[in-house]
Amino acid sequence: MPLWNFQSLWYNEAQNEVYPFGGEISALHSSPPDLTVWKFKPLSSGGASNTVWSVNSTEQGAPWSLGITRPLGGAAVSTKDTAFLLGGYSSSKSSPRTSSLTGFVPTPGMVMYHFGNGTWGNFTETPGFSDSGAIEWPGMIKAPFGPNGLVVVFGGETSDLTSYTPGEKERWMTKITLFDPVTLQFYRQTASGDQIPSPRNRFCVAGAGDTSKTSGGNSTGSYEMWVFTISLMAR
């Protein structure tokens, strides 16, 4: 397994497997390696030395044969049977196919991977979060709203489809996008209140719900999300 920066992680709960996807190659490597999807199975004992890595997909197979590239700066989330990666961009360090790039090129849309049958897809109709369809470094989390749950997207940056300049177009945190992972429908919502966070990217988001109230097997209690940003300064 090569060394990577900014990889996204998908978790397959049924098989107890983790899939690293996307990212850019570490400076310890001279060029990005072949397009490959890896996975590893955490074991109950033995620590990192006892973790089993294996290749899940090679360059000859999906998703690369579908035209999907290896992005970085996207947002990842996993449901019970499907993994999603939203947005991001390509660089000279992210893929052999983009090694000649001199800047950053957005990768709009949503990459999907079905854990059960191993099929891939690239859902390009994603109008819910920006006018162009491009988004970089947003926060994304699955919340237990409704029968299918909803994926909540907020923050990050946006750009046109030709190039991405970090920090140029930050998204206001008032702009909330909701995504149904089963119907693949997007919805927009505007946040209100007097304590809305300032625009930001590359942040962590976590959520917790009140599971004491249920109806038909679904939680009907409240659900809260927290945003955590770390700022580092170097001299």
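Does Leu184 count as buried or partly exposed, and at what relative accessibility? Select Leu184: at 22% relative accessibility, the residue counts as partly exposed, where buried means under 20% relative accessible area, exposed over 50%, and partly exposed in between (1.4 Å probe, protein chains only).

Before going further, note that this is a predicted model, in which local features need pLDDT of at least 70 and side-chain atom pairs count only at pLDDT 80 or more, while totals for chains, interfaces and linings use all residues. Residues are numbered from 1 along each chain as its sequence is written, and side-chain values use heavy atoms, with hydrogens and water left out.

**Around Leu184**

Leu184 sits in the loop between β15 (175-179) and β16 (186-190). Strands (E, at least two residues) and helices (H or I, at least four) are DSSP runs, numbered from the N terminus. The hairpin of β15 and β16 has six residues between the strands, and Leu184 takes a positive phi near 60° there.

Now select β15 and β16 together. They pair in the antiparallel sense over five bridges; two strands pair if DSSP finds at least two bridges between them. Ile176 has Gln189 in β16 as its bridge partner. On β15, four of the five residues are buried.

**Asn16**

Another positive phi in a residue other than glycine is found at Asn16, near 55°. Asn16 lies in the loop between β2 and β3 (17-21) and is partly exposed, with 30% relative accessibility.

**Ser54**

Go to β6 (residues 52-57), the strand that holds Ser54. The relative accessibility of Ser54 is 27%, so this residue counts as partly exposed. Its contacts (heavy atoms within 4.5 Å), leaving aside neighbours within four places in sequence, are with Val37, Trp38 and Lys39. Draw a C-alpha to C-alpha distance from Ser54 to Lys41: the two are 8.8 Å apart in space and 13 residues apart in sequence.

**Ala134**

Which loop holds Ala134? Ala134 is in the one between β12 (120-123) and β13. Ala134 counts as buried because its relative accessibility is 0%.

**The largest pocket**

Select Trp137, Pro138, Arg202, Phe203 and Cys204, which lie nearest the centre of the largest pocket, among the 15 residues that line it. β2 (8-12), β7 (75-78), β13 (139-143) and β17 (204-209) each give two or more residues to the lining. A pocket is an open set of points on a 1 Å grid over the protein atoms alone where a 1.4 Å probe fits, with protein on both sides within 12 Å along at least five of seven lines; lining residues have an atom within 4 Å of a point. About 420 Å³ of space lies in this pocket, the volume being the space filled by probe spheres set on the points. The lining has 10 nonpolar, four polar and one charged residues.

**The whole chain**

Zoom out: the protein has 20 strands and zero helices. Of its 235 residues, 40% count as buried. Among contacts with a separation of 6 or more, 53% are between residues 24 or more positions apart.

Technical notes
Nonpolar A, V, L, I, M, F, W, Y, C, P; charged D, E, K, R; others polar.
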